[in-house]
Amino acid sequence: MRHRRDSREDGETSGDTCRKGQTQTMTSSFPWFGMDIGGTLVKLVYFEPKDITAEEEQEEVENLKSIRRYLTSNIAYGTTGIRDVHLELQDLTLCGRKGNLHFIRFPTHDLPVFLQMGRNKHFSSLHTTLCATGGGAYKFENDFRTMADLQLHKLDELDCLVRGVLYIDSVMSSGPSECYYFENPTDPDHCVQKPYLLENPYPLLLVNIGSGVSILAVYSENNYKRVTGTSLGGGTFLGLCCLLTGCSTFEEALEMASEGESTRVDKLVRDIYGGDYERFGLPGWAVASSFGNMMSKEKRESVSKEDLARATLVTITNNIGSITRMCALNENIERVVFVGNFLRVNTLSMKLLAYAMDYWSKGQLKALFLRHEGYFGAVGALLELLHPS
Amino acid sequence: MLTALSVPLDGSSLSRCVEADWMSSGMCAHYARSVETSPTMAECGRVDSHTMDKSITLPPDEIFRNLENAKRFAIDIGGSLTKLAYYSTVKHKVAKVRSFDHSTKEAASDKLYEISVQEEVTARLHFIKFENAYIETCLDFIKDHLVNTETKVIKATGGGAHKFKVLIERKLGLKVDKEDEMSCLIKGCNFVLKNIPHEAFVYAKHADSEFRFQTTDPDIFPYLLVNIGSGVSIAKVESEDKFERIGGSSIGGGTFWGLGALLTKTKRFDELLQLASKGQHSSVDMLVKDIYGGSYGYLGLTGDLIASSFGKSATADKEFSKEDMAKSLLHMISNDIGQLACLYARLHNLSRVYFGGFFIRGHPLTMHTITYSINFFTKGEVQALFLRHEGYLGAIGAFLKGAEEDNPNQYSWGENYAGSSGLMSVSPDMYPMQRARSGTFDMLEMDRLDRQLVNLPLLQEPSSYIPDTVDLTEDAPAREYWLFCFEDALDGVVKRAVASQPDMPEAAVRAEKFRQKYRHKLQTLRYQPFAYGSLTVRSLLDTREHCLNEFNFPDPYSKIKERENDVALKYYQKVVKSLEELSWEDRQFALVRGVLAGNVFDWGAKAVSDVLESDPEFGFEQAKRQLEERPWLVDSYDQWLERLKGPPHKCALLFVDNSGVDIILGVMPLVRELLSRGTEVVLASNSGPALNDVTNGELQILTERIAAMDPVIQSGLRDDRLTLVQNGSSSPCLDLSRLDKALAMVVRERKTDLVIIEGMGRAIHTNYFATLSCESLKLAVIKNSWLADRLGGKLFSVVFKYEVPAGKPSQEAAVLTP
C-alpha cells in the first residue's frame, strides 16, 4: 500500500454523485469505488471506464487519471495490497458506462496507510462520495474524516452483501460461471467443480464466512433476514493457526493445512468405537472430538504444524457446515450459497462443505459457491453509489 | 477420551500410595517422602503434592461404603473420571413398636407398647466418582473388600470402558459387559429427574442464589439432552424407552482440553478451567466493537459480542497470555455448543434442554457461558438446565441396565444426604474443609424407599408445587438463622440420642460421630447452600434424620413418645367428656384450641423442649393458656365455623404431627367430631420416625387403645370410616409431591374434599403456600420466636388458615342459578 500514495497526484474534479446529484438521470461522477471494511480485510471494487470520450479525457483531472493508471497497471499495491486479476469483470455496462470492474483487497490493519495516502494526495478534492460498508465503515468513519478529509457514506453490510451477490450473479452471463458446485462431493476421486445456473435463486441460504460468519435467509432481493451467526470463522482459523504454528498469513496457513493430516489431531468415531457407531449411524471416519487426540501428551508431541493447521481448518469448516445445515432445516431452505474470503483459494474447505452438506442431509442440501467470494459487500456498496435504494 | 490420563504415573506405586492414604490418613505423605531416592516413589511424592492434599484426611469409612455387601456393579469410565456404581444392601437399625398381647403375662407390664430396635436390610445405590488415575487402586480395593457379590458381570459404559476392560476383568474377575453410552446416559437422566427432587437447576451468575433449582415436574418428557464429553451428542428424549440421537458436534470437552493443552502447555483439564477463570477473552477475540467501533445497532448486536473467536491472534508478532487464550477457548466452545443446542431445540420444538458431561462438571464459568449462549441465541425462550448429578448419569444408566431383574424403576428412590457429597464437592473453588474431607472422591447414595411415591391428587398444580415456604439458598438472613439454630440444637440432639440407647455403651461414640458428620454438613451448607438442591428447613431436618440413621439412632424419641402417649391416653376420656358438655359452637372452638394447644407439645421446637424438660408439669391446660387470643396471626376461624354449619365433608385427610398430647388430646377429639358429623377421616402419619412425630406404627396402637375407650372411634374403625395410612416419609416436614401411592389411592377413592395439615413443620415450613383443589385447613402454633418475628407475630402465635379453592363457590353458584 505504501507505494500507492505516489500514484495519487493532486488534482481536481467535479464531485457530484448520484446521491448528491440534482437530476436522477445523472450518474455519479468518477471515480467509482465500493468499499467493504471487514474485521480482517478491506475489499475495494473499482470501476475502470473504458468508454471515455476524447472530450471527457480532456476534462478529466490529472488526479483521477493517475488513480486509474495506478490501480489498473499494478496487480500489487505496497506490500499487502493485491488486485485479484482473475476476478476482473471486463466489458461490463454499469450505469450506462462500459468498463472493467477491478477487485482489490488489503488488510484492515493497513487502513491508516491508505488514509494517510488519501490525505497526502488530496483525494478529498475529487469530492467523491465513498460508499463503504462493513464494520470498519463505522469504526473508521472518524479517521476517514480527520485523516483524509473524506466523508463516508455508510451502508449496512448485509444489505450490500445481498445486493452484490444478486448483481454479480445477474451480470455473469458470459465467461466462466459465477456460481459453481462440486459434483460427487462424497467421492474424492470424482469430485469436480461444475458450473451452476442460479436461476430462480430464492429462497437461498447465504453464508458469509469472513472473520466471523453470518447466515442469511434470502427470500427476494429486498427480503432477507439474518438467521444467525457464529464467531468461529476465518479469523478463528487464522488466529488459531498463528498461535499453533507460528505462521502469519492466511496463505501460509492454508499451505500448511494442505500438507497436514487432521486425523492425527482429531479423535474420530473409530478411535473410540473401533469402527462405526452403528446404533446412531455415525461412520467411523467422522470426527468425534476435534483436537481430541491432543488431550494426550504423547500425541501432542508427535503431530506436525501442518497437521494442526489442517485440523484447525477442518474443525472450523465442519462447524460452519453443521450450523448451516441446521439453519437450512429450520428455515426449510435447500440451497446454500457460501461466500466470504475464508473460501479464497481454499478448495479444501469448499470441498469439505460440499461433502458435509451432501452427506449429512443425505443429498437434500446443495452447497453452492461464487467466484467473487469476498467482494460482494464491496460490490453492493458500489451499486448503492450508482443506484441508491 | 480414553487415552487422556493426565497423570502419567507408574500405576502400581500410585496404587500403594493412594491406598495407604485412605487407609490411614496422613500416612502416605510420610511414606512417600521417606523413600525419595526411589524414582517411582519420588513420582508418587509429586502426585502427593497435587492430589493427596485433597484426600489426605479422607476417613477410610467414607468411601466405598457397604462394599462388602455389594451385589451388582456398573462402571462408567470417561476421559478423566471414573464413576462406579454398586448396589448394596445396608443393615440398619429400625425402631418398631408392637402392641402387647394382653392375653399373656406381658400385659402385666405397665408399658403402653413394646419398643424394639430391629435390624432391617434395605437396598442402597452407591455411586462414587474419582479420577482415572486411581482406577487401579480402586479396583484393588474393591477386590479386597468384596465378599458377597453374586454377580459375575460388571456393566460398563463410557469411552474408557474399552481401554480398561482387560484390567477390570483381571482385577475383579468379573466379565465386562459393555453398554451403549448414550442410552445409559438417558436412562440415568430419567432416573435422577424422577427420583431426586431439585435435581435440575438453572444457573444465574448474578442472582442472589446462583443455582435456581427446578420443581419436580411429574412429567419430565420430552426434553433435549446435550452431553458434552470429548465431543457433543444431542439426544431427544420422548419417553422412558424412546429417544433418538438427533445430532452432535465434534467441538466439545476434548477440543477444550486438547486445543487448550496445545495453546497453554497446561495439561490438566481443571487447570485449564482455572486459567480460563482468570483470563480476559477480549484480548484474543475480535469483538463486534473491534470491527464496528461500537455496537452493530442495525442488527442489535452489542459491541461486546464476539465477532470472531481468536480473531485478534491472527498475527505472528504478539504474545497472548495463557489465561486469555483459555478464556477465549472456553467462550468459543460454550457458545458453539449453546448455539447448536438451540438450533436442535428449535427444530424439534423442545424447550427443556439439559446439559451433561465432563465438560460441565459443575464448573460455574462453563455453566455461565453456556447459559449466556442459550439465552442469547433463543432470546430466553429456551432455558439451559444443569443437573446436580450429571457426572453420574452414565453410571446410573449402566447400573439400571444390569439391574433390570431388581426392577429399580418400580420403586422410588431418595437421595441420602448423609452419604452424598453434594454439588461441587470436588471443585477446587470450593470451601477448603469440604474439599479436604471428600477429596477427589465424590459420592452419591440413594436409598430404595419402601414404597412408590406420587403426588397428592388434590394438588392444584403439581408441576409448580413447591413444598418449602422459604428457600434458604436465596434468603441469606433466614439461612444464617436456621444454620445457627440447627448447630445450636446439636448438643441437645446428641444428648437425646445417647439417652435413647441407655443399654448400649458405644452409643456415645456413635453419637459423637453423628455430631461431627452433621456439623460438617452444616458447615458445608454455610458455604454451599446449594449442595443438595434448595436449602430449606426441611432439608436441614431431613439431613439430620439421615445422619442419625447413619449412626444407628433410628428413633431417639421413642421412649419420650411412649411416655407422652401413655400420659395423654389417661386424659382422653376426660377431655372428650368436657368437650361434649359444651354447646355445638363452643365445642367447635374448643376442638380447634385443643388441636393448637396439643401442637404446642413439640419436642422438636427448641422453646418447647426447654420448657418441657425443666417443667414436666406443663400441662394441656397450661398450653391452652399460652395460646394467643383471637384474632390470631392468621385467622380464618369464622369462615371455618360458617362452613361447619353447612353440609358435612365427604372425607377429610388429616396430616398429623406430634405424638402424645397433640395426637391424642388434640387431634383425636377432632377426628371424633368429624366422624360424628358423617365425614370419613383418613389419618396420614409418618412411615418412619422423625423427632417426636407419631409414626404410623404408633398411631395404629394408639387408635386401638382409644377405640377401646371410645365407641365413636371404634365404630369408625369398624365401619372403615376411619382409616390410618402412612404418608411415605420420615420427615418432620411434608412434601405433597412425594407421598405413598396407597395414600393417593385412598384419597381418590374416598373423594376427599378436605385436607387438614397441622404443625409447624408441615403447615408453616412447608405447604404454607400450597394450593389444593379442595378445601384445606392449615393450623399451627409458632413455637420459634425468630420465625414468629418474621411472620409479624410473637411466640405461640396461631396460624389458622382455612382456604377454599378459587372457583369452587362460584361453581356451586353456577349449579344453583338456572
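Predicted model: local features only at pLDDT ≥ 70, side-chain atom pairs only at ≥ 80, totals over all residues.

Student: In what sense do β23(B) and β24(B) pair?

Tutor: Here is the general idea: strands of a sheet pair through backbone hydrogen bonds, either parallel or antiparallel. In this case, strand β23 (residues 754-758) of chain B pairs with β24(B) in the parallel sense, over five bridges. To find one of the bridges, look for B:Val755, whose partner in β24(B) is B:Ser776.

Student: Now a sheet. In what order do the strands of the seven-stranded open sheet in chain B come?

Tutor: Read across it as β7-β6-β14-β13-β8-β9-β10, with mixed pairing. The edge strands are β7 (211-213) and β10 (243-249) of chain B, since each pairs on one side only. From one strand to the next, the twist averages 35°.

Student: How many bridges join β8(B) to β9(B)?

Tutor: Six bridges link strand β8 (residues 223-228) to strand β9 (residues 232-237) of chain B, and these two run antiparallel. Look there for B:Val226, which stands opposite B:Ile234 in β9(B).

Student: Which strands does helix α7 of chain B lie across?

Tutor: Helix α7 (residues 181-195) of chain B lies across β6 (200-203), β8, β9, β10, β13 (352-356) and β14 (383-387) of chain B. Its direction is at about 120° to β8(B).

Student: Let us turn to two helices. At what angle do α19(B) and α24(B) pack?

Tutor: Helix α19 (residues 558-580) and helix α24 (residues 661-677) of chain B pack at an angle of about 35°, and their axes are 8 Å apart. Their crossing is right-handed. Residues making the contact include B:Ala568, B:Leu569 and B:Tyr572 of α19(B), along with B:Ile664, B:Leu665 and B:Met668 of α24(B). Sorted by class, the contact has 13 nonpolar, one polar and three charged residues.

Student: Is B:Glu562 buried or exposed?

Tutor: B:Glu562, found in helix α19 of chain B, has 8% relative accessibility and therefore counts as buried. Leaving aside residues up to four places away in sequence, B:Glu562 touches B:Lys111, B:Leu112, B:Tyr113 and B:Ile115.

Student: And in chain A, which residues does A:Leu94 touch?

Tutor: A:Leu94 belongs to strand β5 (residues 89-94) of chain A, and because its relative accessibility is 3%, A:Leu94 counts as buried. Not counting residues up to four places away in sequence, A:Leu94 touches A:Trp32, A:Phe47, A:Tyr167, A:Leu382, A:Leu383 and A:Leu386. For A:Leu94 and A:Gly78, 16 residues apart along the chain, the C-alpha atoms are separated by 29 Å.

Student: Last, how many helices and strands are there in chain B?

Tutor: Chain B has 30 helices and 25 strands. Of its 818 residues, 61% count as buried.

Terms used. Residues numbered from 1 in each chain as written. Chains lettered and ligands numbered in written order. Heavy atoms only, no water. Axes fitted to C-alpha atoms, helices over the stretch in contact; angles between N-to-C directions. Helix = DSSP H or I, 4+ residues; strand = E, 2+ residues; numbered from the N terminus. Left-handed = near helix turned anticlockwise from the far one by under 90°. Contact = heavy atoms within 4.5 Å. Nonpolar A, V, L, I, M, F, W, Y, C, P; charged D, E, K, R; others polar. Buried < 20%, exposed > 50% of the residue type's maximum accessible area, 1.4 Å probe, protein only. Pairing = 2+ DSSP bridges.
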